Structure formats: structure tokens, C-alpha cells
Amino acid sequence: MKKWMYSLVAIPVLLFGCGGEEPEVDTLDNGVMPVEVVVEIQTAEHLNVNETIQLAARVTQGDEAVDDAEEVKFEVWESGLREDGQMLNGKLTEDGIYAIDHTFDHDGVYYMFAHTTARGLHVMPKQQLVVGNPDMSKVVEDESSSSMDHGAGHEENTDSEEKDSH
């Protein structure tokens with residue numbers, strides 16, 4: 001009798017264990033796919049030296065501005081100097097727009113990720129910034145598509161009101 005009972009339990013376990021060939025998809029608790037969070041960088045691509053500008057990104061989900069992002073950080077580094085990059089915290093300024101003031105103190109080509117975590121999703125668009133009149137022959141193209149290592153030696157600004165220069 002016990003063998004028969006074990007068989008009744010084992011058969012469904014085996015059937016469920018072998019039948020899972022569908023790929024796993026992250027969904028909300030109701031089984032519906034979340035609407036994509038879109039991050040559009042609002043900072044101009046050509047900037048002036050020693051001029052305070054805003055690093056800014058607009059965050060939306062569907063037709064809705066996202067005013068409750070968990071985090072919007074701007075990772076900025078000069079061409080060829082990724083290890084010397086800075087991570088600057090953006091602050092909500094208006095409907096879905098997160099920004100921080102920043103000043104570039106010399107000509108150069110810079111790169112920026114707008115690391116955004118909102119509503120359970122992480123998005124990080126990247127943009128090239130040309131500051132002043134850099135010698136384009138010295139520019140090292142940046143092909144990276146992921147964040148820098150946030151270990152020792154990297155500056156991080158946690159005060160979104162503070163103005164930094166690089």
C-alpha cells in the first residue's frame with residue numbers, strides 16, 4: 001500500500017519536473033509583462049567648457065512620467081579614462097525628469113550612462129558628450145555597454161545639489 005501511495009506522489013512530481021521547457025519570463029504577480037521603462041537623455045551632445053549644464057534624463061513608462069524612480073545616476077568619464085569616472089546622483093526636477101548640475105573644466109570627449117532603476121527595471125542609455133573643441137584625433141572610442149566597477153578609487157557624489165567638475 002505504501003508503494004502505491006509513493007507512486008501517486010512521484011508520478012505528478014516527475015511530470016511537472018520534465019514538462020518545464022518554456023523559458024522563464026519575469027512578470028508581475030498578475031502574470032502580465034511590465035511596460036518598458038524608457039529613459040531619454042536630455043543633455044545636449046555639444047557643450048561649452050566651464051559652463052554649468054544639466055545632466056538630465058526623462059523617465060517614462062508607457063505614456064506616464066515616472067516620478068518615483070528608485071535611482072537615477074549619471075556615470076560620466078572622459079574618453080580613455082573610464083577608471084576615473086564619476087557617479088552623480090540625479091534628482092527629480094519635474095515630470096519624470098531627473099537632473100544634476102555639472103561643469104566640465106576642459107575640452108574633451110566624454111561619455112555618460114544614465115543608470116536608471118524604476119519600477120523593478122534597470123535601464124542605462126549611453127551618450128557621447130563633446131565639450132569645447134577637443135582634438136578628435138586623440139579620442140578613444142568607448143565601446144562599453146556596462147557600468148564601471150564601483151570599488152575603491154571611484155568618486156561618488158551623493159549630494160545632487162553639489163556642482164562637480166572633471
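Strand S3 (residues 53-61) runs antiparallel to strand S8 (residues 97-103), and six bridges join the two; strands here are DSSP runs (E, at least two residues) numbered from the N terminus, and two strands pair if DSSP finds at least two bridges between them. The structure is a predicted model, in which local features need pLDDT of at least 70 and side-chain atom pairs count only at pLDDT 80 or more, while totals for chains, interfaces and linings use all residues. Residues are numbered from 1 along each chain as its sequence is written, and side-chain values use heavy atoms, with hydrogens and water left out.

Within S8, Asp 101 is the bridge partner of Gln 54. S8 also pairs with strand S7 (residues 91-94) in the antiparallel sense, over three bridges, and Ile 97 of S8 is the bridge partner of Glu 94. S7 and S8 form a hairpin with two residues between them, and Gly 96 in the turn has a positive phi of about 75°. Six of the seven residues of S8 are buried (under 20% relative accessible area; exposed is over 50%, partly exposed in between; 1.4 Å probe, protein chains only).

Five salt bridges are found in the whole structure, each a side-chain nitrogen of Lys or Arg within 4 Å of a carboxyl oxygen of Asp or Glu. One of them joins Glu 64 and Arg 119 (3.1 Å, N to O). Glu 64 lies in strand S4 and Arg 119 in the loop between strands S9 and S10, so the pair ties together parts 55 residues apart in sequence. A salt bridge also joins Asp 68 and Arg 119 (3.1 Å, N to O).

Technical notes:
Helix = DSSP H or I, 4+ residues; strand = E, 2+ residues; numbered from the N terminus.
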